[in-house]
Amino acid sequence: MIITLKDKCPQQQIDHLTGWLERQGIGVHLSRGKFQTIIGLIGDVTRVDKDTLEGLDIVERVIRISEPFKSANRKFHPDDTVVGAGGARIGGGHFALIAGPCSVESPEQILEVARRVKAAGATMLRGGAFKPRTSPYDFQGLGKEGLDLLLLARQETGLPIVSEIMNSSQLPLFADVDVIQVGARNMQNFDLLRDLGKMRKPVLIKRGLANTVKELLMSAEYVMAGGNKEVILCERGIRTFETYTRNTLDISAIPVIKELSHLPVVADPSHACGAAKYVVPLALGAVAAGADGLMVEVHNNPANARCDGPQSLTPEQFDGLTDQVRRIREVVAP
Ligand code: PEP
Ligand code: MN
């Protein structure tokens with residue numbers, strides 16, 4: 001349920017109303033937008049009488065929200081959310097370019113990639129330390145050592161770092177990581193999402209291989225319900241019957257999510273297509289469709305990468321991409 005307040009309501013009356021609602025056991029989310037002040041109600045609102053609320057002096061109108069996601073809903077928070085991560089910002093017109101290797105492999109590799117993506121215009125560095133691999137015999141990542149190398153790369157370049165967590169027991173290791181990534185395979189690990197809701201740091205949630213947009217928004221809701229509002233969503237391709245690409249980038253998810261939610265959305269063209277030659281056109285398509293950022297895999301030596309080499313751009317290719325992204329953004333700017 002959302003309550004839209006009349007212009008220029010006295011703060012005392014707003015406090016009185018929110019206090020009364022909270023005493024009924026209802027969660028209250030106050031959003032002061034440019035044009036309107038809105039109170040979003042979360043929890044069991046079946047006992048709240050719409051007509052009584054509408055009868056109050058300060059209330060303009062009351063509507064029930066039919067969608068199961070509340071905190072993530074744009075109706076609760078009409079303005080875009082801007083997520084800040086170690087100096088970088090994403091959402092509300094701030095564009096994030098998140099780049100780096102699939103997995104951290106060595107100090108030389110991560111430092112070189114970090115320096116080169118930074119020079120090309122990246123705003124955050126990605127790198128997997130814990131890798132969710134389909135085969136247990138494949139490289140599983142460097143673990144804590146990988147996170148330490150990312151911290152070193154951050155120290156060297158100033159780029160905030162993004163890395164994937166696989167389970168809640170790893171949380172203490174992520175204390176200094178700027179953005180915690182929840183991978184596609186963990187999108188519905190509800191215990192993990194709940195634990196991330198207790199943190200006060202940005203969480204980037206990737207859409208599952210076979211999950212709907214609504215399910216992605218419900219995963220965001222798990223984190224937000226715990227009080228952590230710093231959520232970034234990521235469209236990274238879904239599984240379809242098509243086999244020429246690793247997955248199918250669902251470009252339509254971008255404007256759909258942006259309509260339904262105030263949270264920033266990034267696109268990951270690398271995992272969507274699985275082939276470096278398609279990454280640039282898909283990235284540009286996602287930017288044209290309104291993405292607030294991109295997450296792109298970049299490796300200094302893709303042919304010898306320990307994970308996802310075929311879909312990794314070289315630093316030179318990434319440099320060319322950032323230039324094109326800039327031009328597309330100028331064309332589609334409102
Ligand atoms: C990744 O970002 O390296 C990754 C494993 O992504 P996804 O969860 O989208 O497969
Ligand atoms: Mn990867």
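A residue counts as buried when its relative accessible area is under 20%, as exposed when the area is over 50%, and as partly exposed in between. Keep that in mind for these exercises on a predicted model.

**Exercise 1.** Find which residues coordinate the manganese ion (ligand 2), and work out whether E297 and D308 are buried or exposed.

*Solution.*
1. Start at the ion: C102 (SG), H271 (NE2), E297 (OE) and D308 (OD) coordinate the manganese ion (ligand 2), at 2.0 to 2.4 Å.
2. Along the chain, these donors follow the spacing C-x168-H-x25-E-x10-D.
3. Now place two of them: E297 belongs to strand β14 (residues 293-297), while D308 sits in the loop between β14 and α10 (315-332), so the pair ties together parts that are 11 residues apart in sequence.
4. E297 has a relative accessible area of 0%, so E297 is buried. D308, at 17%, is buried as well.

**Exercise 2.** Classify the aromatic pair of F190 and Y222, and say where its two residues lie.

*Solution.*
1. A pair of aromatic rings is described by the distance of the centres and the angle of the planes.
2. For F190 and Y222, the centres are 4.6 Å apart and the planes 25° apart. Planes under 30 degrees apart count as stacked, so this pair is stacked.
3. F190 is in helix α5 (residues 190-197) and Y222 in helix α6 (residues 213-225), so the pair joins parts 32 residues apart in sequence.
4. With a relative accessible area of 29%, F190 is partly exposed. Y222, at 28%, is also partly exposed.

Methods. Residues numbered from 1 in each chain as written. Chains lettered and ligands numbered in written order. Predicted model: local features only at pLDDT ≥ 70, side-chain atom pairs only at ≥ 80, totals over all residues. Heavy atoms only, no water. Donors = N, O, S within 2.8 Å, 3.2 Å for Na, K, Ca; no water. Helix = DSSP H or I, 4+ residues; strand = E, 2+ residues; numbered from the N terminus. Buried < 20%, exposed > 50% of the residue type's maximum accessible area, 1.4 Å probe, protein only. Phe/Tyr/Trp six-rings, centres within 6.5 Å; stacked < 30°, edge-to-face > 60°.
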